[in-house]
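Welcome! Please open the model in your viewer and keep the selection tool at hand.

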Amino acid sequence: MKLLSLVVSAYNEEAGLETFYQTTREYGEALAAKGWDYEFVFVNDGSRDRTGEILDDLAARDATHVRVLHFSRNFGHEAAMTAGLDYATGEGLVFMDADLQHPPKYLADIVDQFDAGYQVISMVRTENKTAGLLKNITSGGFYWLINRMSEVHLEANASDFFAITRPVQKVLMKNYREKVRFLRGYVQNVGFRKTTISYEAAPRVAGSSHYSIRKLFVFAMNTIMCFSNMPLKLGIFAGLFSGFLGMIVLIYTLVTRDGAPSGYATIVVLLCFMFAVLFIVVGIIGEYIAVLFEELKDRPIYIVEDSRNI
């Protein structure tokens, strides 16, 4: 039987973890009819509640199917998925969250696509009623922006619910080890034979999203830095626009009867505009330097403090 590794990152998920395990386990057992066994690779991302204790209990109760990694602290969702990528042993890997918003009923469809020869499967979210209007709008805007700034095309509304085969896993483990990471983007960038499966996000079984507006903004900025150098070219376009604006002011100055713009308002506005453009460009360069600094420090993406059944 082929093995399917379910990589699950968990951060303060004590309220819904047992429900997730029992529900997903039922769908995992049903895969035996298709010639697939399954394993859970849970990554406890420095949880501050009872998530670690619950995972240890699951590992003791089901040593055949449950493997657990405990981080020494919270390293973030990207690091947790990377740890699961490194420790999973299956012929196929499925990355999913522990809140059941990534429905495990699609596991059968995923293994069918694996058996059909596909090696990268992007799960494309068609609807997320629980996210709210603002988050849905910003999510759509993010994919629209990154696809116009980057040479890499990302599937719109693709989520952290995706699946890959072992050859893709090996490529990601060896060649994609940046410290500032966007794993779902890497998955769509590696090539191989790929397909998509549409799904509707299910209601969260418990708890709430751990992504604040600030975290989402930082995440979006890091993604842009990873996949596009277009912001660095902003200074060129800003310079051209500023020069065009300066020509307009020059022409206005020459044709007005008084020979100069009235008052200081125009001068003040132009100075404010020019300095704003300058600071924006300097800030963008600073963000890229910060990414380079993170890579040069070469600190570990994550640190495993303890493990179960590994």
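What follows is a short walk through this predicted model, with something to select at each stop.

Select residues 17-30, which form helix 1. Now colour Leu17, Phe20, Tyr21, Thr24 and Gly28, which are buried. Look down the helix axis: the buried residues fall within an arc of 95°, so they line one face of helix 1. An α-helix has 3.6 residues a turn, so residues three or four places apart point the same way. Turn to the other side of helix 1 to find Glu26 and Ala30, both exposed.

**Stop two: the cover.** What covers the buried residues of helix 1? Show strand 1 (2-10), strand 2 (36-44) and helix 2 (51-61), which are among the covering elements.

**Stop three: aromatic rings.** The structure holds twelve aromatic pairs. Select Tyr21 and Phe40: their ring centres are 5.5 Å apart and their planes meet at 50°, so this pair is tilted. Tyr21 belongs to helix 1 and Phe40 to strand 2, 19 residues apart in the chain.

**Stop four: charges over rings.** Select Arg73 and Phe75: Arg73 lies over the ring face, 3.9 Å from the ring centre. Finish with Arg193, whose charged end sits over the ring of Tyr118, 4.2 Å from its centre.

How values were computed: Residues are numbered from 1 along each chain as its sequence is written. This is a predicted model: local features need pLDDT of at least 70, side-chain atom pairs count only at pLDDT 80 or more; totals for chains, interfaces and linings use all residues. Side-chain values use heavy atoms; hydrogens and water are left out. Helices (H or I, at least four residues) and strands (E, at least two) are DSSP runs, numbered from the N terminus. The expected span of a helix is 1.5 Å times one less than its number of residues. Buried means under 20% relative accessible area, exposed over 50%, partly exposed in between (1.4 Å probe, protein chains only). The arc is that of the directions from the helix axis to the C-beta atoms. Contact means heavy atoms within 4.5 Å. Rings of Phe, Tyr and Trp (its six-membered ring) pair if their centres lie within 6.5 Å; planes under 30 degrees apart count as stacked, over 60 as edge-to-face and the rest as tilted. A charge sits over a ring if NZ of Lys or CZ of Arg is within 6 Å of the ring centre and within 35 degrees of the ring normal.
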